[in-house]
Amino acid sequence: MTDPHHHTRHIPGFGTVTFRPVDPEADADVIHGWVSQDRARFWGMRDADRDRVVEVYRYVDSLPSHHAYLTLRDGEPVALFQGYQPEHDPVGECYPVRPGDCGGHLLIGTPVRPEPGFTGTLLAEFVAFVFTDPTRRRLIMEPDARNDKAIARLRRAGFVEGPLIDLPHKQARLMFLDRPDDLDGEQDG
């Protein structure tokens, strides 16, 4: 991902979804609240305190190849998205990176109340956001191999399972999603 800018789109019946760069200090409380819960154990930061969250996202912010975005729905934080260039990440050593590959991580925040279709809508917007850059040809996700729910959710969204890989902090299942053909030739608007 090369451009850490805001992206906003209105989804009828859902609301306005905005991706904006994480502000490590201002967003630390929200992010810490999400990553420290058991439901976020596969994110790998359950034991991190607020200062560690600030430190991690300052570091991510310093990298030209990695970007973190807070996802808002009608102005309220609902998810954390991280995008990266796989060739500048340990995952890039585990599979043959192609030009136009973009890696991503998505953490859905703690829902206020259960809402059918919420996660699927956010995942679809995350995919749409990634592909606003016409140079991105394929989205790579690498959920923890034990995270059956995430793998099943990605499969339902059209991702194809790749191999199991060993990363420094987990065994992961590579998941691939090619750029939809109907996006070729479209301009971001």
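1. Helix α1 spans residues 28-35, and its buried residues are Ala 28, Ile 31, Trp 34 and Val 35. Buried is under 20% relative accessible area, exposed over 50%, and partly exposed in between (1.4 Å probe, protein chains only). Viewed down the axis of α1, these buried residues fall within an arc of 135°, so they line one face of the helix; the arc is that of the directions from the helix axis to the C-beta atoms. An α-helix has 3.6 residues a turn, so residues three or four places apart point the same way. The cover over the buried residues of α1 includes α2 (50-62), β3 (66-73), β4 (76-84) and β5 (101-108).

2. The model is predicted: local features need pLDDT of at least 70, side-chain atom pairs count only at pLDDT 80 or more, and totals for chains, interfaces and linings use all residues. Residues are numbered from 1 along each chain as its sequence is written, and side-chain values use heavy atoms, with hydrogens and water left out. Helices (H or I, at least four residues) and strands (E, at least two) are DSSP runs, numbered from the N terminus.

3. The largest nonpolar core holds 25 residues, and Phe 126, Leu 139 and Phe 159 have the most contacts inside it. Such a core is a set of buried Ala, Val, Leu, Ile, Met, Phe, Trp, Tyr and Cys residues joined through side-chain atoms within 4.5 Å. Helix α3 gives the largest share of this core, seven residues. Apart from this core lies another, of 18 residues, among them Ile 31, Val 53, Val 56 and Leu 70.

4. Leaving aside neighbours within four places in sequence, Leu 139 is in contact (heavy atoms within 4.5 Å) with residues including Phe 126, Val 127, Val 130, Phe 159 and Met 175.

5. The whole structure has 15 salt bridges, each a side-chain nitrogen of Lys or Arg within 4 Å of a carboxyl oxygen of Asp or Glu. In the pair Glu 25 and Arg 50, the closest N and O atoms are 3.9 Å apart. Glu 25 lies in the loop between β2 and α1 and Arg 50 in helix α2, so the pair ties together parts 25 residues apart in sequence.

6. Arg 138 forms a salt bridge with Asp 101, at 2.8 Å between the closest N and O atoms. This pair links strand β6, which holds Arg 138, to strand β5, which holds Asp 101, 37 residues apart. Arg 138 counts as buried at 6% relative accessibility, and Asp 101 counts as buried at 8%.
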